[in-house]
Amino acid sequence: MNATATIAATQPAALDVDHISYGYNGHPALTDVCLRCDTGALFGILGPNGSGKTTLFRLVCALLMPDRGRVTVLGLDPADAAAAVRGKLGIVFQSGSLDARLTVAENLRYSGYMYGLWGASLRQRVTELAADFAFGDRLNDTVGTLSGGLRRRVELARAMLHRPPVLVLDEPTAGLDPEARDRFWQRIEAIRRRDGVTAIFTTHLFEEAVRSTSLAILDEGRVAVVDAPTAMMQDVAGDVIHLRTDDDTDVAAEIRSRHHVDVAVTADGLRIESGAAAALLVALLSAFGDRITSVSSGKSTLADVYRNATGKIFQ
Amino acid sequence: MKAIALTTLALVSREVRIFYRARSRVVGAFLQPFVFWVLIGSGFNASLNLAGAEGLKYSDYFFPGILLMVILFTAIFSTITVIDDRKQGFLKGVLASPAPRIGIVLGKVGGGTLLGTLQGLLFAALICTPLVGLELRGDGLVRLTVGMAGLAAGLTALGLLIAWQFDSIQGYHAIMSVALFPMWIFSGAVFPVAGTPAWMAVVMKVNPLTYGLVIIRDAFEWPDGVVVEAAGPAPWCWLAVFGVVAVVVATVRISGDGE
């Protein structure tokens, strides 16, 4: 084994979640969750509301301790070294954590103190981040006067203040318009590339989840599937055909008997996965052309992955 | 130690900045006890003769009690913000940082102590006006400052401990009405211990604010014939025990909590 391989094998994961369970007053929020996020990854955690994303986020941030199992961040267990774990994390909360009554500079300065920074090095870091995140002209404005997008930038800068190796973001673009969301993710990508930071984020948006290098889909507190989003989508049997017909149940039964394929009847019509979608589509149009009112075909999406993994429609 | 000092510095500094930016809070902090003192003091001046303090104007007797109220209310308003901080998210940021929990408690207590003591001293400056017929003893200013600081520290730690239990300001208000405000009434601020029913005398004896008030009252010169309990070592010790226990219990409580 060469030296590089030895280092890779012994390097702890940025995040290792080992069979954790957590409940609120006996009601399970997470059940036997296992995840591993490698250093440098952009790791997404996708799930609908109530799937356990925020509970998992709190466990990772050492704000909660699991009822069962173990979470480690860069090999450190919060149960033994909570302060050390917290020092390794840069955290962006869904609802924000800036004090709206203080100025941007004051927020950053006080946050710096909490992470052990002070004096000239803290002043220099604040100046660097203000330039990097383009809010240098707003340092002396109170946070309450900032727009939502700018406030998120300051939140991200605050999380980066102590140069953490791992960023943890809980639905960080909640409340932002699509353009601001896109800019936010461009910044995250830039930080990852430049500083080699691992970023772990929760989301309920497919378009955000698909950006991740590795994705875990949560459903009712359990991990439904973990993989790279592209691999997940490829694992769905080829392309997806959506049909609307004059009688979905009747047409679905006929398609099943004639073509021996799985047909899902959904609120939006019929959904058929096929490795040979083009040929099947031609056959369906030929056989049911007079009963089909609309048709579309495309590559499978994370919505299809979610449906396959959980048997449910993502809501 | 550095981490504790920096956390404390951050939270004390934040507390002071927020206080002075909230103009209504600055004005209210002075006006509320002033109005209270004028109305109650004037109302009882003509009709009340206090046991052991015959011949003393009630408003003068009541003045140290109002200083105690300034400190109590500052502690309450300073710690009630914890509930808001939790809702707004600031507290999450603090708790998710590696800041030592003792630093968080000391920061909050330090802020409340600084503000309470400064407001108490500002209010005490009324003795320089004809409104108050009291003067400080030779070492009165030192006694008053240290005594008020000790009280403010203990009360802020107690307030923090209470605020930590609640998600709503209404819950805190309920405790304020049934526990904190009665503590002030049963401290001797409104009426002296002498002449009270036995059960009330017991309550007043175990109330830490009673000892704080003894220290504050003993900082002033009192007219001949007025009996005021001297602040020997016992009240100072009680006050120190109250402050230390409140800080330790608050730290233990907060350390056991993620959010």
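In which loop is A:Leu74 found? Select A:Leu74: it is in the loop between S4 and H3 of chain A. Helices (H or I, at least four residues) and strands (E, at least two) are DSSP runs, numbered from the N terminus. The phi of A:Leu74 is near 50 degrees, a positive value in a residue other than glycine. A:Leu74 is partly exposed, at 24% relative accessible area. Buried means under 20% relative accessible area, exposed over 50%, and partly exposed in between (1.4 Å probe, protein chains only).

A word on the model before moving on. It is predicted: local features need pLDDT of at least 70, side-chain atom pairs count only at pLDDT 80 or more, and totals for chains, interfaces and linings use all residues. Residues are numbered from 1 along each chain as its sequence is written, chains are lettered from A and ligands numbered from 1 in the order in which they are written, and side-chain values use heavy atoms, leaving out hydrogens and water.

Go to A:Ala62. Look for this residue in the loop between helix H2 (53-60) and strand S4 (68-73) of chain A. A:Ala62 is buried, with a relative accessible area of 2%.

**All of chain A**

Now select chain A. It has 12 helices and 13 strands. Its C-alpha trace spans about 75 × 50 × 45 Å along the principal axes. Of its 315 residues, 49% count as buried.

**The sheet**

Show the strands of chain A. Six of them form an open sheet in the order S5-S6-S7-S3-S8-S9, with mixed pairing. Two strands pair if DSSP finds at least two bridges between them. Strand S5 (89-92) and strand S9 (222-227) stand at the edges with a single partner strand each, so one side of each is left without a neighbour in the sheet. From one strand to the next, the twist averages 15 degrees.

Zoom in on strand S3 (residues 42-46) and strand S7 (residues 198-203) of chain A. They run parallel, joined by 5 bridges. Here A:Ile45 stands opposite A:Thr202 in S7(A).

Contact means heavy atoms within 4.5 Å. Axes are lines fitted to C-alpha atoms, for helices over the stretch in contact, and angles run from 0 to 180 degrees between N-to-C directions.

**The cores**

Select A:Phe135 and B:Phe63. They have the most contacts inside the largest nonpolar core, of 136 residues. Such a core is a set of buried Ala, Val, Leu, Ile, Met, Phe, Trp, Tyr and Cys residues joined through side-chain atoms within 4.5 Å. Helix H3 (residues 58-88) of chain B gives the most to this core, 17 residues. Among the residues that B:Phe63 touches are B:Trp37, B:Phe123 and B:Phe220.

**Last stop: cysteines**

A disulfide is a pair of cysteine sulfur atoms within 2.5 Å, and the whole structure has 0. A:Cys37 is buried at 1% relative accessibility, whereas B:Cys128 is exposed at 71%.

Technical notes. Lists of a residue's contacts leave out its neighbours within four places in sequence.
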